[in-house]
Amino acid sequence: MQEKLHALKEEALTKVAQAEDLKALEAVRVGYLGKKGPMTEVLRGMGKLSPEERPVVGELANKVREAITTALEEKKQRFEADVLNTQLKTETIDVTLPGRPVNLGGPHLLTSIVTEIEDLFIGMGFDIKEGPEVETDYYNFEALNLPKDHPARDMQDSFYITEELLLRTHTSPVQARTMGEYRGNKPVKMICPGKVYRRDTDDATHSHQFTQVEGLYVDKNVRMSDLKGVLNQFAKQFFGEEREIRLRPSFFPFTEPSVEMDISCKVCHGKGCSVCKQTGWIEILGGGMVHPDVLKMAGYDPEIYSGFAFGMGPERIAMLKYGVDDIRHFYTNDQRFLTQYHKA
Amino acid sequence: MLVSLNWLKQYVDLGSETPESLADKITKTGIEVEGIEYVSEKLNHVVVGYVESCEKHPDADKLNVTIVNVGTETIQIVCGAPNVKAGQHVIVAKVGAVLPGNFKIKKAKLRGVESNGMICSLQELGVKEQFVPKDLADGIFVFDEEVEVGRDVTSYLNLDDAILELGLTPNRSDALSMLGVAYEVAAILNEKVQLPNVSYNTSTKRASELVNVEVEAKEDNPYYGAFVAKNITIKASPLWMRNYLMAAGIRPINNVVDITNYVLLEYGQPLHAFDLDKFGSNQIVVRRAEAEEKFKTLDEEVRTLNAEHLVITNGERPHALAGVMGGFESEVSETTRTILLEAAYFDGKRVRQAVKDHGLRSESSTRFEKGVDPNRVKKAGFRALHLLEKYADATICQGVSEYDALDYEEKDVVITTERINERLGTTISDDEIIVILNKLQFNYTQSGSSFTVHVPTRRQDITIFEDMLEEVARIYGYDHLDYTLPEGGQFAGKLTERQALKRFVKQVMEGAGLSEAITYSLTTTERATRLVAPDIKVKAVSPVRLAMPMSEEHSTLRLSILPELLAVASYNQARKEKDIALYEIGTVFVSDEKEVTKQPKELNRLSGVMQGAWLSHPFQQEQKSVDFYVAKGIVETLIERLGVDVQFTKADIDGMHPGRTAEIFANNQSIGFIGQVHPTLAKTYDLKEIYVFDLDLEYLYDAVDVEPRFVQIPRFPSMSRDIALVMDGVTPSGEVLSTIKSAAGEHLYSVHVFDVYQGDNLPEGKKSLAFNLRYLDPTRTLTDEEVEASYMHVLEAVKARHGAVLRA
């Protein structure tokens, strides 16, 4: 019996080795391990053995069965792998062909700049305020210390709709409105981005519509050195740590003292080059300490409250930062222009 | 304001400052120097020559052969200038000289005659054409006063001068004068100002005997002074004066005119000289003009005046439009012998009105408009008389005939060191304040740390504490201020819900493949009313127009963003950018008035335009153009993400394709539309098949319902049923869908159309719509019977409402 088992094993393993495909292999399995196969027959004959022999032969039979099963399984896996490999070979594609593009738009360059400025000031505790583009003469001029016949009104010829209504010439009226809303007893810390309009003929450097971002901070004991500190922090975050700022005296009817802020030229670092017209500095924004009349008109007592305000033009910043050479690009919306600024 | 540094040196010592270093200091202290210009390049071998003889060139009509003494030698020069004559002192560029434009002077032969240099015009030395006196414009420059033969011409002609161009802010009109600039520079350099000579001799005759001044318009003219100068000789003004005028951008005319211009620039006080012999009376009356009063100004234009204009009259008719321009009749000319010199203070508003009405802005009017220094009005007259005596041989009559109600008071402003430091964030001491006030040459009265500053009248811009704060800060130096951060309580900044939603909408649009555009709010009236959304149309009575547009192109505020985006699409298409996907978030301006009297409503809209390829991956044969459903899918996705329920209804909107346009409703309120632009309208933009959408963001922002609450993920399986229905071809699927939703019962989880079919195997005019219905009960597994019952309900409902039957 034991010899028979050994012989069966040898015979079966030889057949497994000779099998050339999955079908032949299956025939071997059925032939030896199937219900009508010799192994079953052997095990059926076990009953005739003596109680001493039975466990010995039983163990051997199991081993033989196991050996055949393992051999079958190994061979089967090899066949399956071959089949899969053949299939994979036929599935090969040209991985260097381009992928199917994903349609992805992007923000306008001005929006990107405004958003970046907004986020920087939000980080410094400022809120964002908005206001109407069609303004009253009062909020656009008078509340900002520009009475009807003020010569400084010449500086910004405006688009009037009626004698009392016009397209705002700056976003400053939002400051006056916000101060009014806070009724003179609450600190104001805000920036106001938005569209503004001036009576200019459109050319490479002028646009009858453009964007402004202005800021206002009113509280008790606000100092001019705070204006310098906040603007410095903004300039370094926005333009780069290595940039220096410089304040120069200037004039705006709604601030006193007034300042103009320059940043050191990125190209020459203050030495003077063609980008900064040999001055080493580039003008970026205007600002100053809020004029006491502006505070008063909005209900803030200038003896108790003081503040600073500033304003800048995203178009100008974009032109400086990205070398855009014509302000009209922002409003022409050539897709080849728009998409240049969609990258991270 | 153009500032000649050679001229400025007459009043203040500039030490070793170079034009560049001085410009930098002036800019940092408060007046922006916008440019530095040099009168000429450094010249060598250009000297004064004396023309000893001048003969016609033997072989050339237009040339002369001259013998010129240049000090060290006598040389022959062939000269083509028409005005060269023997006996003239001229500018000679000797051999070896290099003139501007790298023009080298060499020995030459002109038509066979040797020439050893060149006799020059001012232009050839680099002086700008417009500043060269008219009579010298076409020829060489001839010295008309004593000059030393052989000397370098540089100093005679002020060629070594540098001109600073000051960009003055409206408050700094004090720097519209050389003396004002001198005070500014003196403060910067800590120097003193040297005032000009204003002395002169007088005859026994009194001005008041010759003219009488009467001011009727007292408000407009608080001071009017009339001086009289007799025995005038009209001739050229001295060369130095002409040089300075040219440097300041003013063309020299004759001594009298030049002197008034010179004093205007020096003191910032405009003066006017009338020919007294042509004045027609000895009575000066200053009054408002009469309606329709006619007056011929010096430019020989006849002006029609009205009561808003101030005039200087001889009691009968105007001789000057006050502060703006003199009259033709009494203009100073070659024959003038006696002049009436006006030094007056005219109110800025009056002058501005005349400038505006007659388009006559001048050096004079600019200064009156901004306000002149009361204390310099009469002094400027004295200065002019000093110069007239010296350079026009004038005999000056005693005194002045005047009307004087002018306020000469210096205004007091109180500052304290403590408050200065509090506002600036500095630690300036009392002594430093004193140094600064002295630099500014402001008088003050000190009491401890408090200073009462007596602000000189030249600085009309300083009236309150903050003005002095700025003076102190700028002289102290903005550079010396610290960098501090506000000490007030810090409160966190945050976007409002709307601002955050706007950013979200933008993200969805950009994620869906649209790029943001920004267009103009002002457009043509015609465009403003195109493609206006139905919800806007019912609110807007008429578009808002500017009172005085610069052009029709930008005359009216838009009622829709779409016409602008279509123009952008058209622009791009014309540049071969044919695949377009753009959106804009912006306001439209809605007024419910016919004649606007109050601010229009500014409503936020989201608009988009799309055309051309949507999906393009050719080698995989994937090609899809933008169509209605592409655009609708984007809009639906956005609205779904905002958690708002809407219905789309077929709509007829002006300018839109009648069969491919849907109006969007939420809560029975119209909130926008979507569809294909009508081909006729598209054609006006040179566009063909283009899709647009326009949504009311005001509604959407308010309706947003996306409270982030946790909903259990379903644990029980859903059950699915498909249903194919045959109905009339025109039945909107949306309505059938609504019917299914309401009939299917509470367990319906989702339903969507998965097939639309029309054609073979269906009767003419019919279509088949196939829906997939999914049922779910989150608490248990549904039974077949329940689903079947719902299914039967649906069939009954669609049959009853739409005549739809199960497809065989």
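Visitor: Which residues does Asp461(B) touch, not counting those up to four places away in sequence?

Guide: Asn171(B), Arg172(B) and Asp467(B), where touching means heavy atoms within 4.5 Å. This is a predicted model, where local features need pLDDT of at least 70, side-chain atom pairs count only at pLDDT 80 or more, and totals for chains, interfaces and linings use all residues. Residues are numbered from 1 along each chain as its sequence is written, chains are lettered from A and ligands numbered from 1 in the order written, and side-chain values use heavy atoms, leaving out hydrogens and water.

Visitor: Where is Asp461(B) found?

Guide: In the loop between strand S29 (450–455) and helix H12 (465–476) of chain B; those are DSSP runs, H or I of at least four residues for helices and E of at least two for strands, numbered from the N terminus. An unreviewed UniProt entry lists "binding site" at Asp461(B), Asp467(B), Glu470(B) and Glu471(B), though such annotations may be inferred rather than shown by experiment.

Visitor: Why is H5(B) called oblique to H6(B)?

Guide: The axes of H5 (residues 239–247) and H6 (residues 255–267) of chain B come within 10 Å and cross at roughly 55°. Under 35 degrees is roughly parallel, over 145 roughly antiparallel, 65 to 115 roughly perpendicular and the rest oblique, so H5(B) is oblique to H6(B).

Visitor: What makes up their contact, by class?

Guide: Seven nonpolar, one polar and two charged residues. Among those meeting are Trp240(B) and Leu245(B) from H5(B), and Ile259(B) and Tyr262(B) from H6(B). Nonpolar covers Ala, Val, Leu, Ile, Met, Phe, Trp, Tyr, Cys and Pro; charged covers Asp, Glu, Lys and Arg; the others, Gly among them, are polar.

Key
Axes are lines fitted to C-alpha atoms, for helices over the stretch in contact, and angles run from 0 to 180 degrees between N-to-C directions.
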